[in-house]
Amino acid sequence: MCIRDRDSIVAECKDLFEQGFREVTLLGQNVDSYHFLDEEKDVAITFAMLLEKVALISPLLRIRFSTSHPKDICDDVLHTIVKYENICNYIHLPVQSGNTACLERMNRTYTREWYLNRIDAIKKIIPDCGISSDMIAGFCGETEEEHQDTLSMMEYVRYDLCYMYYYSERPGTTAARKYPDDVPLDVKKRRLAEIIEVQRRVYHELTLLDLGQTFEVLIEGDSKKSDKDFSGRNSQNKMSIFPKMTGYKPGDYAQVKVLEVTSATLKGEINPH
(Lines give C-alpha, C1' and ligand atoms only; values in the text may rest on other atoms or scores of the structure.)
Protein backbone atom coordinates (compact mmCIF):
# COMPACT_ATOMS: atom_id res chain seq x y z
CA MET A 1 0.00 0.00 0.00
CA CYS A 2 1.35 3.41 -1.00
CA ILE A 3 0.99 6.22 1.55
CA ARG A 4 1.00 9.68 0.03
CA ASP A 5 3.29 12.17 1.72
CA ARG A 6 1.73 15.15 3.46
CA ASP A 7 3.36 17.79 1.27
CA SER A 8 1.93 16.36 -1.96
CA ILE A 9 -1.57 16.26 -0.47
CA VAL A 10 -1.29 19.83 0.82
CA ALA A 11 0.08 21.02 -2.54
CA GLU A 12 -2.86 19.43 -4.39
CA CYS A 13 -5.38 21.02 -2.03
CA LYS A 14 -3.67 24.41 -2.40
CA ASP A 15 -3.75 24.10 -6.18
CA LEU A 16 -7.47 23.28 -6.10
CA PHE A 17 -8.14 26.29 -3.88
CA GLU A 18 -6.24 28.56 -6.26
CA GLN A 19 -8.35 27.19 -9.13
CA GLY A 20 -11.46 28.36 -7.30
CA PHE A 21 -12.57 25.25 -5.42
CA ARG A 22 -13.83 25.98 -1.91
CA GLU A 23 -14.22 22.49 -0.45
CA VAL A 24 -12.00 19.42 -0.41
CA THR A 25 -12.52 15.98 1.08
CA LEU A 26 -9.60 13.94 2.40
CA LEU A 27 -10.70 10.49 1.38
CA GLY A 28 -9.41 7.11 2.49
CA GLN A 29 -10.65 3.69 3.52
CA ASN A 30 -9.54 4.61 7.03
CA VAL A 31 -8.26 8.18 7.11
CA ASP A 32 -7.50 8.16 10.85
CA SER A 33 -4.80 5.53 10.39
CA TYR A 34 -2.81 7.87 8.10
CA HIS A 35 0.83 7.69 9.19
CA PHE A 36 3.63 9.00 7.01
CA LEU A 37 7.26 8.90 8.09
CA ASP A 38 9.14 11.99 6.96
CA GLU A 39 12.61 10.48 6.89
CA GLU A 40 14.34 13.80 6.18
CA LYS A 41 12.89 15.42 9.29
CA ASP A 42 12.68 12.12 11.20
CA VAL A 43 9.09 12.80 12.21
CA ALA A 44 5.89 10.77 11.88
CA ILE A 45 3.00 12.68 10.29
CA THR A 46 -0.38 11.75 11.76
CA PHE A 47 -3.81 12.42 10.27
CA ALA A 48 -4.39 15.24 12.77
CA MET A 49 -1.17 16.91 11.56
CA LEU A 50 -2.20 16.49 7.92
CA LEU A 51 -5.66 17.89 8.65
CA GLU A 52 -4.17 20.95 10.31
CA LYS A 53 -1.79 21.63 7.44
CA VAL A 54 -4.64 21.56 4.91
CA ALA A 55 -6.77 23.81 7.12
CA LEU A 56 -3.98 26.40 7.15
CA ILE A 57 -4.09 26.82 3.36
CA SER A 58 -6.91 29.34 3.76
CA PRO A 59 -9.84 29.92 6.11
CA LEU A 60 -12.00 30.02 2.95
CA LEU A 61 -11.18 26.39 2.10
CA ARG A 62 -13.64 24.05 3.77
CA ILE A 63 -12.34 20.58 4.67
CA ARG A 64 -14.21 17.33 5.11
CA PHE A 65 -12.81 13.81 5.52
CA SER A 66 -14.04 10.26 5.20
CA THR A 67 -14.07 7.54 6.34
CA SER A 68 -13.17 7.31 10.01
CA HIS A 69 -12.78 3.99 11.78
CA PRO A 70 -13.91 3.62 15.41
CA LYS A 71 -10.70 1.83 16.39
CA ASP A 72 -8.48 4.67 15.21
CA ILE A 73 -10.26 8.01 15.54
CA CYS A 74 -8.40 9.81 18.30
CA ASP A 75 -8.86 12.91 20.42
CA ASP A 76 -6.06 14.69 18.53
CA VAL A 77 -8.24 14.68 15.40
CA LEU A 78 -11.24 15.94 17.37
CA HIS A 79 -9.26 18.78 18.94
CA THR A 80 -7.93 19.75 15.50
CA ILE A 81 -11.49 19.99 14.17
CA VAL A 82 -12.39 22.34 17.03
CA LYS A 83 -9.27 24.45 16.48
CA TYR A 84 -10.07 25.34 12.85
CA GLU A 85 -13.48 26.67 11.83
CA ASN A 86 -12.98 25.58 8.22
CA ILE A 87 -12.78 21.89 9.21
CA CYS A 88 -16.38 20.72 9.11
CA ASN A 89 -18.08 19.56 12.28
CA TYR A 90 -19.13 16.29 10.71
CA ILE A 91 -17.84 12.75 11.19
CA HIS A 92 -18.94 9.57 9.43
CA LEU A 93 -18.28 6.78 11.93
CA PRO A 94 -19.62 3.44 10.66
CA VAL A 95 -20.67 0.97 13.34
CA GLN A 96 -22.72 -1.72 11.44
CA SER A 97 -24.17 -3.20 14.65
CA GLY A 98 -24.76 -2.16 18.23
CA ASN A 99 -23.87 -5.54 19.70
CA THR A 100 -20.34 -6.64 20.60
CA ALA A 101 -20.78 -10.31 19.70
CA CYS A 102 -22.19 -9.38 16.29
CA LEU A 103 -19.35 -6.91 15.75
CA GLU A 104 -16.88 -9.69 16.52
CA ARG A 105 -18.48 -11.94 13.88
CA MET A 106 -18.22 -9.00 11.47
CA ASN A 107 -14.51 -8.72 12.31
CA ARG A 108 -14.99 -5.07 13.17
CA THR A 109 -12.13 -5.07 15.77
CA TYR A 110 -13.95 -2.92 18.35
CA THR A 111 -16.69 -3.41 20.91
CA ARG A 112 -19.96 -1.60 21.61
CA GLU A 113 -18.31 0.00 24.64
CA TRP A 114 -15.33 1.23 22.61
CA TYR A 115 -17.58 2.75 19.97
CA LEU A 116 -19.73 4.53 22.54
CA ASN A 117 -16.55 5.86 24.19
CA ARG A 118 -15.59 7.46 20.88
CA ILE A 119 -19.10 8.88 20.46
CA ASP A 120 -18.94 10.38 23.95
CA ALA A 121 -15.57 11.95 23.12
CA ILE A 122 -16.95 13.50 19.92
CA LYS A 123 -19.95 14.97 21.72
CA LYS A 124 -17.82 16.30 24.58
CA ILE A 125 -15.11 17.89 22.41
CA ILE A 126 -17.36 18.95 19.46
CA PRO A 127 -20.85 19.44 20.93
CA ASP A 128 -22.43 20.49 17.62
CA CYS A 129 -20.81 17.76 15.53
CA GLY A 130 -22.94 15.99 12.95
CA ILE A 131 -22.50 12.21 13.10
CA SER A 132 -23.47 9.63 10.48
CA SER A 133 -23.08 5.87 10.32
CA ASP A 134 -23.86 2.60 8.55
CA MET A 135 -26.15 -0.13 9.91
CA ILE A 136 -26.69 -3.71 8.77
CA ALA A 137 -29.77 -5.66 9.85
CA GLY A 138 -29.85 -9.44 10.01
CA PHE A 139 -26.14 -10.26 9.86
CA CYS A 140 -25.28 -13.94 10.21
CA GLY A 141 -26.43 -15.32 13.55
CA GLU A 142 -27.99 -12.04 14.69
CA THR A 143 -30.44 -12.67 17.53
CA GLU A 144 -33.39 -10.51 18.50
CA GLU A 145 -31.44 -9.32 21.55
CA GLU A 146 -28.51 -8.27 19.34
CA HIS A 147 -30.91 -6.40 17.06
CA GLN A 148 -32.33 -4.56 20.09
CA ASP A 149 -28.77 -3.49 20.96
CA THR A 150 -28.54 -1.87 17.53
CA LEU A 151 -31.76 0.04 18.12
CA SER A 152 -30.57 1.21 21.54
CA MET A 153 -27.27 2.29 19.98
CA MET A 154 -29.16 4.48 17.52
CA GLU A 155 -31.27 5.98 20.30
CA TYR A 156 -28.13 6.81 22.29
CA VAL A 157 -26.03 8.28 19.47
CA ARG A 158 -28.86 10.05 17.58
CA TYR A 159 -27.34 10.04 14.11
CA ASP A 160 -27.91 12.91 11.70
CA LEU A 161 -27.69 10.43 8.82
CA CYS A 162 -27.51 6.66 8.59
CA TYR A 163 -27.05 4.33 5.63
CA MET A 164 -29.18 1.29 6.41
CA TYR A 165 -29.29 -2.13 4.74
CA TYR A 166 -30.15 -5.72 5.48
CA TYR A 167 -27.42 -8.32 5.16
CA SER A 168 -26.98 -9.97 1.78
CA GLU A 169 -24.39 -12.72 1.41
CA ARG A 170 -21.56 -11.96 -1.01
CA PRO A 171 -19.66 -14.94 -2.40
CA GLY A 172 -15.98 -15.04 -1.50
CA THR A 173 -16.21 -12.82 1.56
CA THR A 174 -15.02 -13.96 4.98
CA ALA A 175 -18.58 -13.87 6.29
CA ALA A 176 -19.78 -16.13 3.47
CA ARG A 177 -16.99 -18.61 4.20
CA LYS A 178 -17.36 -18.66 7.98
CA TYR A 179 -21.05 -18.19 8.70
CA PRO A 180 -24.36 -19.42 7.31
CA ASP A 181 -26.78 -16.73 6.14
CA ASP A 182 -29.30 -17.96 8.69
CA VAL A 183 -31.56 -14.97 9.40
CA PRO A 184 -34.78 -15.34 7.37
CA LEU A 185 -35.41 -12.62 4.78
CA ASP A 186 -38.70 -11.54 6.35
CA VAL A 187 -36.93 -11.08 9.70
CA LYS A 188 -34.15 -9.06 8.03
CA LYS A 189 -36.71 -6.79 6.38
CA ARG A 190 -38.66 -6.32 9.61
CA ARG A 191 -35.51 -5.45 11.55
CA LEU A 192 -34.39 -3.06 8.83
CA ALA A 193 -37.80 -1.36 8.92
CA GLU A 194 -37.43 -0.87 12.68
CA ILE A 195 -33.95 0.62 12.21
CA ILE A 196 -35.27 2.99 9.54
CA GLU A 197 -38.17 4.06 11.73
CA VAL A 198 -35.86 4.94 14.64
CA GLN A 199 -33.60 6.91 12.32
CA ARG A 200 -36.50 8.83 10.76
CA ARG A 201 -37.84 9.82 14.18
CA VAL A 202 -34.42 10.83 15.54
CA TYR A 203 -33.59 12.86 12.43
CA HIS A 204 -36.91 14.69 12.64
CA GLU A 205 -36.27 15.53 16.29
CA LEU A 206 -32.78 16.78 15.49
CA THR A 207 -33.87 18.96 12.58
CA LEU A 208 -36.57 20.61 14.71
CA LEU A 209 -33.74 21.85 16.94
CA ASP A 210 -32.32 23.67 13.88
CA LEU A 211 -35.41 25.86 13.51
CA GLY A 212 -34.51 29.49 14.12
CA GLN A 213 -30.78 28.73 14.12
CA THR A 214 -28.33 30.43 11.75
CA PHE A 215 -25.65 28.36 10.01
CA GLU A 216 -22.78 29.23 7.71
CA VAL A 217 -23.54 27.60 4.37
CA LEU A 218 -21.20 27.17 1.42
CA ILE A 219 -23.28 27.99 -1.67
CA GLU A 220 -22.92 25.12 -4.14
CA GLY A 221 -25.30 26.23 -6.89
CA ASP A 222 -28.95 26.44 -7.83
CA SER A 223 -31.56 24.38 -6.06
CA LYS A 224 -32.69 21.35 -8.07
CA LYS A 225 -36.29 22.56 -7.93
CA SER A 226 -35.89 26.28 -8.65
CA ASP A 227 -33.27 28.52 -10.21
CA LYS A 228 -34.53 31.25 -7.90
CA ASP A 229 -33.03 29.42 -4.92
CA PHE A 230 -29.50 28.49 -3.91
CA SER A 231 -28.52 25.21 -2.31
CA GLY A 232 -25.55 24.40 -0.13
CA ARG A 233 -24.42 22.52 2.96
CA ASN A 234 -23.60 23.69 6.44
CA SER A 235 -20.67 22.42 8.50
CA GLN A 236 -22.77 19.49 9.76
CA ASN A 237 -23.37 18.40 6.14
CA LYS A 238 -27.06 19.30 6.15
CA MET A 239 -28.44 20.53 2.83
CA SER A 240 -29.96 24.02 2.92
CA ILE A 241 -32.24 25.71 0.39
CA PHE A 242 -32.71 29.49 0.42
CA PRO A 243 -33.74 32.33 -1.95
CA LYS A 244 -30.99 33.98 -3.94
CA MET A 245 -29.78 37.39 -2.87
CA THR A 246 -27.86 39.99 -4.84
CA GLY A 247 -24.13 39.87 -4.14
CA TYR A 248 -23.99 36.12 -3.51
CA LYS A 249 -22.78 33.43 -5.91
CA PRO A 250 -21.67 29.76 -5.83
CA GLY A 251 -18.46 29.44 -3.85
CA ASP A 252 -19.47 32.15 -1.38
CA TYR A 253 -20.34 31.58 2.24
CA ALA A 254 -23.72 32.79 3.52
CA GLN A 255 -25.25 33.01 6.96
CA VAL A 256 -28.57 31.21 6.55
CA LYS A 257 -31.36 31.30 9.14
CA VAL A 258 -33.50 28.13 9.19
CA LEU A 259 -37.21 28.85 8.87
CA GLU A 260 -38.53 25.39 7.90
CA VAL A 261 -37.36 21.79 7.98
CA THR A 262 -38.30 18.87 5.74
CA SER A 263 -37.32 15.21 5.66
CA ALA A 264 -34.23 16.02 3.61
CA THR A 265 -33.41 19.73 3.80
CA LEU A 266 -33.32 22.88 5.84
CA LYS A 267 -35.14 25.82 4.26
CA GLY A 268 -34.31 29.38 5.19
CA GLU A 269 -33.10 32.77 4.13
CA ILE A 270 -29.79 34.61 3.99
CA ASN A 271 -29.12 36.79 6.99
CA PRO A 272 -26.72 39.40 5.55
CA HIS A 273 -25.72 40.74 8.98
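The axes of helix H5 (residues 112-125) and helix H6 (residues 144-157) come within 11 Å of each other and cross at roughly 10 degrees. That makes H5 roughly parallel to H6, a label for angles under 35 degrees, with over 145 counting as roughly antiparallel, 65 to 115 as roughly perpendicular and the rest as oblique. Axes here are lines fitted to C-alpha atoms, for helices over the stretch in contact, and angles run from 0 to 180 degrees between N-to-C directions. Helices (H or I, at least four residues) and strands (E, at least two) are DSSP runs, numbered from the N terminus.

Before going further, please note that this model is predicted: local features need pLDDT of at least 70 and side-chain atom pairs count only at pLDDT 80 or more, while totals for chains, interfaces and linings use all residues. Residues are numbered from 1 along each chain as its sequence is written, and side-chain values use heavy atoms, with hydrogens and water left out.

Which residues of H5 meet H6? Arg112, Tyr115, Leu116, Ile119, Asp120 and Lys123 in H5 meet Asp149, Ser152, Met153, Tyr156 and Val157 in H6, where contact means heavy atoms within 4.5 Å.

| Pair | Distance |
|---|---|
| Glu146 and Arg105 | 2.8 Å |
| Glu155 and Arg201 | 2.3 Å |
| Arg158 and Glu205 | 3.0 Å |

Glu146 in helix H6 and Arg105 in helix H4 (residues 100-105) are 41 residues apart, so their pair links distant parts of the chain. Glu146 is buried at 9% relative accessible area, and Arg105 counts as buried at 19%; buried means under 20%, exposed over 50%, and partly exposed in between (1.4 Å probe, protein chains only).Glu155 lies in helix H6 and Arg201 in helix H8 (residues 185-208), so this pair ties together parts 46 residues apart in sequence. Glu155 is partly exposed at 34%, as is Arg201 at 32%.

Elsewhere, five strands close into a barrel in the order S8-S9-S10-S12-S11, with mixed pairing. The twist averages 50 degrees from one strand to the next. Two strands pair if DSSP finds at least two bridges between them. Strand S8 (residues 214-222) and strand S11 (residues 253-261) pair in the antiparallel sense over five bridges, and Phe215 has Val256 in S11 as its bridge partner.

Methods: Salt bridge = Lys/Arg side-chain N within 4 Å of Asp/Glu carboxyl O.
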